[in-house]
Amino acid sequence: MSDAEVHVVFGAGQVGNALIHRLVSAGHTVRAVSRQRPESVAPGVEWHVADATDPTATVAAAAGASVVYQCLGAPYTKWPEQFPPMQRNVIVAAQAAGALLVTLENVYGYGPTGGHPMTEDHPLAATTVKGRTRAAMTQELLLASEAGRVRIAIGRASDFFGAGATQSALGERVFANALAGKRADFIGDPDLLHTYSYVPDIAAGLMTLGTDERSIGEVWHLPGPETVTTTALMQMVAREVGHPVEIRSVPKAVLSVLGVVNPMMRGVAEMRYQFDEDFVLDSQKFVSTFGAESTPLSTAIADTVAWFRTRAAQP
């Protein structure tokens, strides 16, 4: 694919923003699409203000695109209502532009795996509301591809961490708490294996899918740092912050009680199964096809701690 082609990124959150910068650094022409224009825009980025819930605005924002990246998100408590319509609008926009549609997904659609590593051919057998929503969105993408409406490539990642990722399982209540000498809060068993995906690696993987035609029509697990237990990961965090970090695992009963009155906690509680069994993302298909190199976990943790330290120092 030519560097002169226009790469349109829908969503400027933690992953979308990292992808925008990576595409620009690689010399691509980039248009970023979000509801609001940020105060500062990276040189070389055309910023387009549009709401993906508006089908007309979404089609206009993607006009002339060669590749469209769907990195959108919906409020955690309103996934079923808000996320599918946004994706449908982006599918139509990519179709109208004749563009390749690269979509970022999480792994909610798989549901419980019994601790077995997740591969791309694992069935979409979700048992939760958000999981079934994600699985249905995947099916819409695959059906649009099979019908010849749009070319697609799907990239999946597990729990995000890195600069800007404050609300994830490895976000504020882990890295910020660790820096402040507080307990790091988790759900589930920290001694189980758990794949955490590093934001810069996710962005790199998405760019690969958007610039290599071997990606088309396939689902890909995006590579990232090595998978270890959460306990081992927190020991690395402790070494980086320079003091021990106590881990507090929130009991299932407490989550259930909180979920009665707090919709966010109810949403967290339904996904707890991911932390009650080994949760390993197998990205060998991607690595064997594209030869990707991922960030070592120690480097990813050091960079994330550095970002949270800089953030804590700001007034």
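Predicted model: local features only at pLDDT ≥ 70, side-chain atom pairs only at ≥ 80, totals over all residues.
Helix H3 comprises residues 79–97, 19 residues in total. At 1.5 Å a residue, H3 should span 27 Å, and this agrees with the 27 Å that separates its end C-alpha atoms. Just beyond the helix, glycine 98 adopts a positive phi of about 70 degrees.

The buried residues of H3 are Trp79, Phe83, Pro84, Met86, Gln87, Asn89, Val90, Ile91, Ala93 and Ala94. Their cover includes three strands, E1 (6–10), E4 (67–70) and E5 (100–105). Helices H2 (55–61) and H4 (129–146) are also among the elements that cover these residues.

**Nonpolar cores**

The largest nonpolar core contains 36 residues. Within this core, the residues with the most contacts are Val8, Phe10, Val68, Leu72, Phe83, Leu101 and Val150. Two or more core residues come from each of E1, H3, H4 and strand E6 (151–156). H3 provides the largest share, namely seven residues.

Apart from neighbours within four places in sequence, valine 150 is in contact with Ile91, Ala94, Gln95, Ala99, Leu101, Ala144 and Ser145. A separate core has 29 residues, including Leu100, Val102, Ala153 and Ile202.

A pair of aromatic rings is described by the distance of the centres and the angle of the planes. The model has nine aromatic pairs.

| Ring pair | Centre distance | Plane angle | Class |
|---|---|---|---|
| Tryptophan 220 and phenylalanine 286 | 6.3 Å | 90 degrees | edge-to-face |
| Tryptophan 220 and phenylalanine 290 | 4.9 Å | 55 degrees | tilted |

The angle between tryptophan 220 and phenylalanine 286 is over 60 degrees, so that pair counts as edge-to-face. For tryptophan 220 and phenylalanine 290, the planes are at 55 degrees, so the pair is tilted.

Both pairs connect distant stretches of the chain. Tryptophan 220 belongs to strand E11 (residues 219–221) and phenylalanine 286 to helix H10 (residues 284–290), 66 residues apart. Phenylalanine 290 is likewise in helix H10, so its pair with tryptophan 220 in strand E11 ties together parts that are 70 residues apart in sequence.

The relative accessible area is 3% for tryptophan 220, 1% for phenylalanine 286 and 15% for phenylalanine 290. Tryptophan 220 also carries a charge over its ring: the charged end of lysine 285 sits 4.5 Å from the ring centre.

Elsewhere, lysine 130 lies over the face of tyrosine 76, at 4.5 Å from the ring centre. Ring pairs also join Phe161, Phe175, Tyr198, Trp307 and Phe308 into a cluster.

**Histidine 194**

Histidine 194 is located in strand E9 (residues 193–194). With a relative accessible area of 3%, histidine 194 is buried. Its side chain reaches the backbone oxygen of glutamine 274 at 3.4 Å. Not counting residues up to four places away in sequence, histidine 194 touches Ser158, Asp159, Thr227, Val228, Thr230, Gln274, Phe275 and Phe279. Glutamine 274 is therefore a partner by contact as well as through its backbone oxygen, while histidine 194 itself is buried.

Methods. Residues numbered from 1 in each chain as written. Heavy atoms only, no water. Helix = DSSP H or I, 4+ residues; strand = E, 2+ residues; numbered from the N terminus. Buried < 20%, exposed > 50% of the residue type's maximum accessible area, 1.4 Å probe, protein only. Polar contact = N/O pair within 3.5 Å; in protein donor to acceptor, adjacent residues only side chain to side chain. Contact = heavy atoms within 4.5 Å. Expected span 1.5 Å × (residues − 1). Core = buried A, V, L, I, M, F, W, Y, C linked by side-chain atoms within 4.5 Å. Phe/Tyr/Trp six-rings, centres within 6.5 Å; stacked < 30°, edge-to-face > 60°. Lys NZ or Arg CZ within 6 Å of the ring centre and 35° of its normal.
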